[in-house]
Amino acid sequence: MRKVKSIFVQRKNIVYTFIAILLILFPFMNDSRSMMILFTQVFIFAIFAMSYDLLLGFTGIVSFGHAMFFGIGAYAVGIFMKQFEPTLPYFLLAVVITILITAIVSYVVGLLTLRLKSHFYAMLTLAFASLFLVLAEKWRTLTHGNDGFTFRTPELFRDRLDFYLICLVSMIVVFLLLNRFTNSPLGKVLQAIRENEQRTESLGYSVIQYKIIASVVSGVLAGFAGILYSVSLRFVNTSVFTMDITLDALLMTIIGGVGTLIGAIIGAGLIEFAHHWLTELAKVHWIFERWIIFFGIIYILVVMFFPRGIVGTVRNIKMKSKKRVIEKSEQQKAAG
Amino acid sequence: MSIQLKLEDVETYIGQFHILQGISLEVRKGEVTVLLGRNGAGKTTTLRTIMGLNPSTKGTITFNNEEIQSLPTYSVAQKGIGYVPEDQGIFSELTVEENLKVAMKNESDRTKERLDYILNLFPDLKKFWKKPGGLLSGGQKQMLSIARAYVNDNELLLIDEPSKGLAPIVVEKVMESIIEMKDKTTIVLVEQNFMMASTIGDQFYIIDDGQTVQNGAMEVLKEDDEMRRKYLGIA
């Protein structure tokens with residue numbers, strides 16, 4: 001049985017490596033600039049969706065305010081690049097500041113809210129995110145309000161190909177780190193909390209502390225995704241703090257499959273490509289301009305028929321077939 | 001024998017309902033103390049109150065001469081009290097191995113020794129080592145739940161109705177395992193199955209309407225038909 005599992009893991013790793021190599025080679029084989037930009041967006045949102053998956057899929061925390069961390073990252077880099085020089089040291093300083101602010105905010109928000117039942121927590125995170133949205137709208141001297149502002153980026157990020165590769169490598173690194181994190185003893189405790197909070201507590205774990213750890217890691221990664229997002233646009237406005245951003249992460253995670261990480265990447269790809277193609281179809285029929293309607297329908301169908309998302313459903317089917325094989329072999333053993 | 005756990009006039013509310021209305025009991029080190037009583041008498045709430053899952057509103061709970069009634073659940077567990085709930089509380093998506101590893105506070109030699117001991121006691125757990133807990137049968141889940149509470153160096157185990165919903169042959173296995181564990185740890189057992197309770201138990205407490213109404217050596221209860229009929233509805 002262990003042999004079968006290790007073969008399965010090896011095969012999975014080969015497939016992942018193959019896809020990563022394909023993605024690295026893609027811009028050298030295809031000169032479509034718009035596809036390269038689209039893929040860059042997929043990588044950025046995949047990081048954001050994975051950070052959300054850590055909360056929702058691995059710890060069972062539903063947050064409606066995840067956009068606040070994304071927005072903090074987006075504004076931190078925008079403000080630094082605008083107020084100071086668009087150089088790499090200032091960019092790195094913006095990254096450090098983002099990590100610090102997102103860690104502090106997620107820690108404080110977590111401390112204040114994670115003791116509450118899930119729906120109260122979700123509503124409070126929404127309130128905190130709205131607070132940041134209002135702050136960004138009103139602090140016009142720094143943020144230029146709703147209009148936002150453009151900024152220049154360090155030389156390294158100006159070339160679209162370089163930036164594509166940076167985002168791809170970032171996504172792969174975040175995936176590997178989170179994969180390691182969720183398979184560590186700490187990650188297993190988070191999964192135990194997701195399944196049964198009281199039971200985990202009565203095993204001697206302070207559930208709130210573990211939830212805060214998940215919230216901080218998730219917040220920092222969402223902030224990092226926000227940095228890459230605003231650098232990709234070279235522009236930032238208050239839209240980065242809106243509920244739409246959180247809903248995107250929620251959709252990507254649920255459609256791809258919660259608690260799988262790879263599902264978040266697949267979900268990000270599907271949503272971004274669907275958005276792109278449906279918008280293109282607007283030339284064919286006006287209904288496609290309202291692409292959000294189609295997302296709504298897809299979301300309802302997924303929740304109704306594939307509540308575990310794409311990856312979760314595939315894993316379920318595989319698990320069932322494995323179970324059948326085991327039962328069959330046990331029956332044969334018993335008969336023989 | 002020294003008193004390991006002591007409850008004095010403990011009262012607990014769940015919402016607006018006054019469930020425990022004065023529980024007093026003493027658990028001696030190295031013994032199995034059985035809590036008996038009709039359905040809804042407050043046996044499970046007593047265990048949950050000791051764990052801090054339903055905090056008490058009055059009275060004191062002393063464990064190893066230290067008051068624990070105001071501690072959060074995880075601190076109570078860290079003091080060395082293991083809890084096996086009625087619904088087993090298995091983490092269904094974690095494997096048997098992960099379920100046990102999450103429960104292990106450390107990987108010391110002593111913990112490993114206890115793990116080996118419990119795996120020998122429940123060989124089925126070894127067989128399904130890499131399987132998700134959700135795929136186990138009811139009996140195997142109960143074994144895993146007991147193993148999880150035992151694997152740490154807990155001084156006291158609170159076990160809630162381990163025979164509930166299990167086939168007689170599995171009940172026998174679970175009973176044998178608790179008898180084996182008796183030598184290594186103190187146990188408070190809630191059990192409706194009187195045959196099992198009387199075989200394992202050293203002393204008993206009868207809980208009725210949220211109060212402890214009778215207690216004594218298990219031998220006394222075995223011989224007192226009247227008391228059994230009055231409080232447990234069995235002759």
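This is a predicted model: local features need pLDDT of at least 70, side-chain atom pairs count only at pLDDT 80 or more; totals for chains, interfaces and linings use all residues.
A helix here is a DSSP run of H or I that is at least four residues long, and helices are numbered from the N terminus. By that count Lys12(A) belongs to helix α1 of chain A.

**Chain A**

Chain A contains 14 helices and 2 strands. Its radius of gyration is 21 Å, close to the 20 Å that the globule rule gives for 336 residues, so chain A is as compact as a globular protein of that length. The C-alpha trace of chain A extends over about 80 × 50 × 40 Å along its principal axes. Of its 336 residues, 48% count as buried.

The class follows because partly exposed covers the range between buried, under 20%, and exposed, over 50%.

**Chain B**

In chain B there are 10 helices and 10 strands. Taken along the principal axes, the C-alpha atoms of chain B fill a box of roughly 45 × 40 × 35 Å. Among the 235 residues of chain B, 56% count as buried.

**Salt bridges**

How many salt bridges does a search of the whole structure find? Over all chains, the search finds 21.

| Pair | N to O distance |
|---|---|
| Arg140(A) and Asp147(A) | 3.4 Å |
| Lys188(A) and Glu98(B) | 3.0 Å |
| Glu11(B) and Lys58(B) | 3.7 Å |

Each pair counts as a salt bridge because a side-chain nitrogen of Lys or Arg lies within 4 Å of a carboxyl oxygen of Asp or Glu.

The pair within chain A comes first. Arg140(A) has a relative accessible area of 45% and is partly exposed.

The next pair joins Lys188(A) to Glu98(B). This pair crosses between chains: Lys188(A) sits in helix α8 (residues 185-195) of chain A, and Glu98(B) sits in helix α3 (residues 96-103) of chain B. Is Lys188(A) buried or exposed? With a relative accessible area of 11%, Lys188(A) is buried.

The remaining pair in the table is the salt bridge of Glu11(B) with Lys58(B). Glu11(B) is in strand β1 (residues 3-14) of chain B and Lys58(B) is in strand β4 (residues 58-63) of chain B, so this pair ties together parts that are 47 residues apart in sequence. Glu11(B) is buried, its relative accessible area being 14%. Lys58(B), at 44% relative accessibility, counts as partly exposed.

Salt bridges can also share partners. Which residues are joined into one network in this way? They are Arg194(A), Glu195(A), Arg308(A) and Glu93(B).

Terms used:
Residues are numbered from 1 along each chain as its sequence is written. Chains are lettered from A and ligands numbered from 1 in the order in which they are written. Side-chain values use heavy atoms; hydrogens and water are left out. The radius of gyration is taken over C-alpha atoms; the globule rule is 2.2 Å times the number of residues to the power 0.38. Buried means under 20% relative accessible area, exposed over 50%, partly exposed in between (1.4 Å probe, protein chains only).
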